[in-house]
Amino acid sequence: MLEELETLYQKSLQSLQQADSTAVLETWYRETLGRKGSVQLMTRQIGQIDPADRPAFGKRINQVKTELQAAYDGRLAELKMVELEASLAESALDVTLPGRPLPQGGLHIITQTLRETYRIFGDMGFQIYRSPDVETDAYNFELLNFPPHHPARDMQDTFYTSKPDVILRTHTSAGQIRAMREYYPEPVRVILPGMCYRNEQITTRSSIQFTQVEGLAVGKHISFADLKGTLTEFARRMFGAGRQTRFRASYFPFTEPSAEMDVSCFLCDGAGCPVCKQTGWLEILGCGMVHPTVLHNGGYDPEIYTGFAFGLGPERIAMLKYGIDDIRQFWNNDLRFLQQF
Ligand code: DAH
């Protein structure tokens, strides 16, 4: 019996050393030192031994238990260490390393240009007025003095919807009537920013979707001088203090008289360069005195009230300011372009 015990002891020690994971080690423990393990079973056989040999056997089996337990504890600690090291190597987490920086976002160049525009007009007392992208023919054309079939409609190729009167606005001027009807009889001093849509061929200079900022001032005694002063101040703040402006006669159905404003080229200072096509001037926006019919449609008596309006394109302003030569860049989502601003 004592011999069997020694064999069991040696075998158990051997298989303990061969256990190569904590999982295998747990099985070893259950099968050896556990309640139904081999050592425990042998303890129970003490009754079959010659009473004279029992004390020696009992003593030895207790030693075996203690030694196996100690060997198990040592092996367990060893294997836990090995497994921890393996898992550390695998996930390679070093909490002392500095964190990885997240890529930083930024404002789109058109958003920046819009905000700059808001700031300048805001300082002059203009409020931002929001009006819808999806418009009726009435607001976009008819109430702005474009009668049906008027040739001026050809200036703006329109996206139509399945509802005959519902279109995508071709310009932010559509919001003028909405603003006047809401403000009447108070004076109006608003800018209307937003997306416009035209069914145009896409080129480097035109796209089917672009932003505009409309301006509208209505009140008593508003004159063309107010228009010129306001827009010249805008040009100086947007393009630099020394800028000159000039107003060329133009045509829009909703203004009379109508004009286009040029600003002296800020690249060559008026001397002539490729950007201003050797003219010394850059065309910036359309403007004019609000047509009496439009004032009337907005609810204001044109005998008492006058007003001015203008419409500018942030894409064009950004293209001039930053020397961007293709309008499609704005909506291509190319980070190499966007990150420059
Ligand atoms: N709506 C015009 C366009 O898209 C721009 C414009 C011109 C707006 C003159 C105005 C204005 O308010 O007075 O071409």
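Helix α10 is followed by G323, a residue whose phi is positive, near 65°; helices here are DSSP runs of H or I with at least four residues, strands are runs of E with at least two, and both are numbered from the N terminus. The model is a predicted one, in which local features need pLDDT of at least 70 and side-chain atom pairs count only at pLDDT 80 or more, whereas totals for chains, interfaces and linings use all residues. Residues are numbered from 1 along each chain as its sequence is written, and side-chain values use heavy atoms, with hydrogens and water left out.

**Overall form**

- The protein has 11 helices and nine strands, and because its radius of gyration of 43 Å is well over the 20 Å that the globule rule gives for 341 residues, the protein is more spread out than a compact globule; the radius is taken over C-alpha atoms, and the rule is 2.2 Å times the number of residues to the power 0.38.
- Along its principal axes, the C-alpha trace spans about 135 × 50 × 35 Å.
- Of the 341 residues, 43% count as buried, a term that means under 20% relative accessible area, with exposed over 50% and partly exposed in between (1.4 Å probe, protein chains only).

**Helix α10**

- The buried residues of α10, which covers residues 314-322, are P314, E315, I317, A318, M319 and L320.
- The elements that cover these buried residues include helices α5 (109-123) and α8, together with strands β5 (209-219), β8 (281-290) and β9 (306-312); contact here means heavy atoms within 4.5 Å.

**C287 in strand β8**

- C287 lies in strand β8 and, at 3% relative accessibility, counts as buried.
- Not counting residues up to four places away in sequence, C287 touches L227, L231, F247, F252, T255, P257, S258, A259, A309 and F310.
- From C-alpha to C-alpha, C287 and P274 are 26 Å apart in space, while in sequence they are 13 residues apart.

**R243 in the loop between α8 and β6**

- R243 is placed in the loop between α8 (224-239) and β6 (245-252), and it counts as buried because its relative accessibility is 8%.
- The side chains of R243 and D269 are joined by a polar contact of 2.7 Å, that is, a pair of N or O atoms within 3.5 Å of which, within protein, one must be able to donate a hydrogen and the other to accept it, and residues adjacent in sequence count only if both atoms are side-chain atoms.
- Leaving aside neighbours within four places in sequence, R243 is in contact with A235, R236, V263, S264, C265, F266 and D269.
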